[in-house]
Every structure is written in structure tokens, then in C-alpha cells.
Amino acid sequence: MLFGVLVVTFVLIRALPGDPAIQYATSPSAGPAEIEQIRRDLGLDRTVIEQFGIYLGQIAEGDFGYSLQTGQPVLSDFAVRLPATLELAAMAFVIAIVVSLPLGIAAAIWRNTWFDQVCRVLSSFAAAMPVFFFGLLLIYFFYFRWGITSEPIGRWPAMMIPPIPITGFATVDAILTRDSSLFWTALGKMLMPATSMAIFAIAPLLRMMRGAMIDALDSDYVLAANAFGLSRTKVVLQYALPNAMLPVLATMGMVLSTMIGANVMIEKLFAWPGIGAYAVNSLMSLDYAPIQAFVLIVAVMFVLMTLLIDILSAAIDPRYKLKG
Amino acid sequence: MTLAADVRFILKRNFVTALAGVLIVALMIIAVIGPYVVPHDPLSTNLRAVLVPPSAANWFGTDHLGRDIFSRVVTAARLDFAIAIAAVGMSAVIGTAVGALSGYVGGVLDRILARVVDVMMAFPLFVAAMALVAVFGNSVQSIVLATAIINLPFYFRLMRAEIAQRREAGYVEAAIINGNGLGRILFRFLIPNAMPPVIVQISLNLGWAILNTAGLAFIGLGVAPPTPEWGIMIQEGASVMISGHWWVVVFPGAALALSVFCFSLLGDGIRDIMDPRRRS
């Protein structure tokens, strides 16, 4: 699978507009001879298979080329930005899980009551809500109207000098330096973008949890557990929930995919200094090296997360076969 | 039961689906005739009436260049729907045909195609769309093509599974014995039988494609200003939302959300009608 991803990103590089040799020939006096020389230096005169081999070697060394925009190696640009993205995404994911799973379980237990109906309507709205539109609504109410949150731009308040990163994760750094005010500042700044990002994941997770829980509650083993006189809490949490988690885990891959997309839009909207905003800005200025790296890194992360979901599913259900 | 009675029976029990269907038809009509009947030119600027709140003259107010937002929201419907329909149409037709062939023929071809689709699915949808737009160039055609390509795997997998299930069915055997060719067996007998889940997928997909188009436009890909398009309008309004000019963003956003909402309701409804076992 990862090999397939590498092939696609390699094809992507070939397919992107612009001759790399001409791009590298920065001097205006570079004539055809110089360009030919650069072409040979870059290995562009070799066969496609050889070039693919060179590409694999570069990836293995972590050489993704240079960004025209920042003048830095793409890899170091990513190293600076990745923690900001991961931190935001992790928080959004936690929000989505904390909101949707309990609501889904509750909606299944009290099915066809007003509570279930409210959940259903809310999740339908959440599913149709464009993340960037929801983010703007949050900005309007929480920042402009009520003035509760700080300015919805970036990772730190405008007047603040960002602390020197240790791990790059703002909240982890704050904990390491035992600075509680810094911790709450960082967390506060993340709250609005993370909530906007979470909104899209809530609807599918809630629906799936409700459906799976209903199936589990209607099953014979739950009937048997009830007949034995086990407490309701025990039946729901210990008997029904683990079985209901499997279909929920199966949708998780799709949820992650949409969340990565949402992440790009939200980073752009909130001027969040992460890899999504970086990739968009590179795309706008026709700076292709970072985009190739972005696509590759995101795809690899996505494949690894899908694998993790697979392993988790197998851990929960012995009948589940690993896809490999 | 006659067809009309059938339809009435189904609609009576699926009021929400019917409502969503009616709303979609209404939106489609707006998309087709809207650009001819809007009160203002969606492109004409008026710097003496910038950021005017909703009023009798400008129902949805005006934006930072004094353009009438109502006219722009209505005009944008056509472009957003056209992109979504073209893209989903392409991926549905190609994905269904290739998936059916792969599922029916099986063997090496099937294994290779399934592998290719697996790799396609390894890229998160929106990121794949971004990369494809980067390759094809920043234009409306690229958006259509990119959206079509990233949706292909869903139709392929759906059709492949449906056909593989039915490959051994009695009516297929009968068709083979009667001397029907491969194409005729696929298109005349197998695909029509496997269509219901595809139709559900198309409806859900249309809403998603509109969302995708607007999302790409929001980050600056595909449709270029000053073309009226919901995603661009939201992006342009983002900077004035912070200073409280909510109408620039809210009206295109609401139009976008409503369209997506209707398509997903319709898709869910059709699924309930066609497949009573999977009612949610």
C-alpha cells in the first residue's frame, strides 16, 4: 500500500506543470547548455525506473527539496509546522469523540424519544454544515458578538512572543515548563478551530454509534444478560458497547479522511501555522515541492492510521481478519 | 397497484424525503432560471453602497465591493450545481461500468483494478482533490475532473460487490445460454439490477461534491473571483465577518448548507425506500 502511495506521488511530481531543470536554472543567463547540464545533474536524462529509484533514495534520506517560498528545505518547514497541526487535529478528534459517542449511546438507549429526535436533527444539520462556514459563525458569535474568545488568528495572541518550542506541541511544552497560564492560552486558542473541525466528524460518528448500539441492544446476548438480572449499566457498558464499537471503528477511516480535509480549510481560515495552511499557500504560489511532500506525508499518516484502526478492530473482535 | 398510487403510498410515509426532493427541484429551477431574473447584475460593483445590511433594495445586503449578495447567491447556484452534477455523473458512469466489468470478469483484471482503487483510497479525499487540481491547473474543468476522480472508487467498489454477488444468478446463466454477449449481459441484465445502491450513492455524493467544490474555492482553487460562487463568497466575507458584517457570509453559507442538507436527506430517504432492512 505504501509502495502504491509512493508511485502515485512520483507520478504527481512528473505530472506537475513546469520543467524542473528550468526552475533550478535560476540565473537568467542560463542557456540551453546549462539547462542540459542541470538536467543531467538532477538525473532527468535517466529512465523513469531509474528516476523512481533516485526518488525513493531521496525520500529515505528525508530530502524533499527546497521551498521556493521560504527558501528552507521542505523537511524542516514541515518539522516546524507538523506539531501545530497534530495538536489541533488531536483536540478536534477528542472533541468529536467526547460529543458524539455518548450522545449516540444515549440516543440508542432512549430511542424514538424526543432526545433521539433532537440528536437526529442535530446530526443532520452538522453533516450538512460546511466546516469553514461553521468556523465563521463561531468567530462571529464568540469573538465579535460576545467577545469571549481572543482574536481568531494564529496560534498565539498577537501581542505575545511565542515561547521557545521544546516539543512543538504548545500544550505539552506548557506542561513541561509548568506554566499553567501558557497552557490555558494555548488551549483557548485551539478551542474554536478544533470545534469547527470536529463538527463534520460528529454526525457520522453519532449515527453509526446509535445504529450499532441499537443492533447490539436488540441481540440475544443482551436479552440473556437482562434475563440474568444484570444491572442496566453493566449490560450497556460491558456487554453491548464493545460489540457496538466495531462498526464505529470501521467508519473511523472515513471520518479521518474528512477531518484531514477539514483541517486544511480550518488552518486557512484561522491562519493556523500548520502544514495545511502551508500546503495551500504553496499551491497558490505554484511552489510544488512542499505540495508533493504534503501529499506524501498526509497519505502515509492516513495509511498508518487506517492500519491502526485495523489492528484495534482485530483486538476487539477475534473474528475480524486483518486486511494487511 | 398503479405507479401513481405506488408513489403516493411511498411519499405519505416519507414526508421528509418528499420535502427534500421538492426543495432540490426548486433549487434546480432557481439554478436554471435564476441568472435571468435576479434584480441586480451579480458582477456590477457600487462603491457608494459597500457592506449595506439586508434591505428592500438589496435583500441579502451588499459585499465589500457593493455587489448585491442576493443576485450573487442565486447566480452561484448554477455553477455549483453544474460542477457537482458533471463530476458525479462522470464518476458514476465510469465507476459503475468499470466496477461491473471487474466484478463480472474477476481474475487478474479484477485484482489489479481493486489494487489501484485501494491506492486511490489511501489519499484523504480533499487532499487528493487539491493535488489533482495542482496537476490539471487551477480551473473549473480541473475541479470537475478532480471531483470525478476522487469519487470513482466508491462507485467501483459498490458495483463490483453487487455484480460479484449476482454473477452466478440464474437469470445470468439463462442470458448466457441464450447467446447474449458480455456487454449485453452487463448492461441489460446485471447493472440495472444493481442500480438501487448506486442511486443512493449519487444523491449523497451530489451534496458532498457541492461541499467539496465550495471548499476548494474557499481555499482559492478552481473558481476564480469575481465569479459568483458560494465558497468564494464565504472566503471574501471572512475578513469582514470579524467586524460583524454577518450577511456577506451567512447567505451563501446557508444556501450551501441547505443544498447539501437536501441531497443527504434525499439520499437517506431513497435508501430507506429501496432497502427496508437498512432503515436508520
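Predicted model: local features only at pLDDT ≥ 70, side-chain atom pairs only at ≥ 80, totals over all residues.
Student: How many helices and how many strands does chain A have?
Tutor: Follow chain A along its sequence and the pattern is one α after another. Of its 324 residues, 47% count as buried. As for the count, chain A has zero strands and 13 helices.

Student: Thanks! What share of the contacts in chain A between residues at least 6 apart join residues at least 24 apart in sequence?
Tutor: Here a contact means heavy atoms within 4.5 Å. Take the contacts in chain A between residues at least 6 apart; the share joining residues at least 24 apart is 70%.

Student: Now the two chains together. What area is buried between chain B and chain A?
Tutor: The size of an interface is often given as the accessible area lost when the parts come together. Contacts here involve 46 residues of chain A and 40 residues of chain B. Carbon and sulfur atoms give 83% of the buried area, which is about 3,700 Å².

Student: Which residues of chain B lose the most area to chain A?
Tutor: Three residues stand out, together making up 16% of what the chain B side buries. They are B:Phe123, B:Phe218 and B:Ile242.

Student: Which element gives the most residues to the side of chain B that touches chain A?
Tutor: Several helices of chain B give two or more residues to that side, including H4 (107-120), H9 (195-218) and H11 (247-274). By type, the residues of that side are 30 nonpolar, seven polar and three charged. With nine residues, the element that gives the most is H11(B).

Student: How many salt bridges are there between chain B and chain A?
Tutor: Side chains of opposite charge can pair when their charged atoms come close. A search of the whole structure finds seven salt bridges over all chains. Across the interface, the rule finds one residue pair in polar contact. Between chain B and chain A, though, the salt bridge count is zero.

Student: Then which residue in chain A meets A:Asp116 in a salt bridge?
Tutor: The N to O distance of this pair is 2.8 Å. A:Asp116 sits in helix H6 (residues 114-128) of chain A, and its partner, 94 residues apart, lies in helix H9 (residues 180-217). Both side chains' residues are buried, and the partner is A:Arg210.

Student: Is B:Asp118 buried or partly exposed?
Tutor: B:Asp118 forms a salt bridge with B:Arg115, at 3.7 Å from N to O. They are about one helical turn apart because three residues separate them in helix H4 of chain B. Buried would mean under 20% relative accessible area. B:Asp118 has 22%, so B:Asp118 counts as partly exposed.

Student: Last one! Why does B:Ser102 count as buried?
Tutor: B:Ser102 is found in helix H3 (residues 69-105) of chain B. Among the residues that B:Ser102 touches are B:Asp110, B:Leu113 and B:Phe156. The cut-off for buried is under 20%. B:Ser102 counts as buried because its relative accessible area is 0%.

Note on methods:
Residues numbered from 1 in each chain as written. Chains lettered and ligands numbered in written order. Heavy atoms only, no water. Buried area = accessible area lost by both parts, 1.4 Å probe. Salt bridge = Lys/Arg side-chain N within 4 Å of Asp/Glu carboxyl O. Polar contact = N/O pair within 3.5 Å; in protein donor to acceptor, adjacent residues only side chain to side chain. Helix = DSSP H or I, 4+ residues; strand = E, 2+ residues; numbered from the N terminus. Nonpolar A, V, L, I, M, F, W, Y, C, P; charged D, E, K, R; others polar. Buried < 20%, exposed > 50% of the residue type's maximum accessible area, 1.4 Å probe, protein only. Lists of a residue's contacts leave out its neighbours within four places in sequence.
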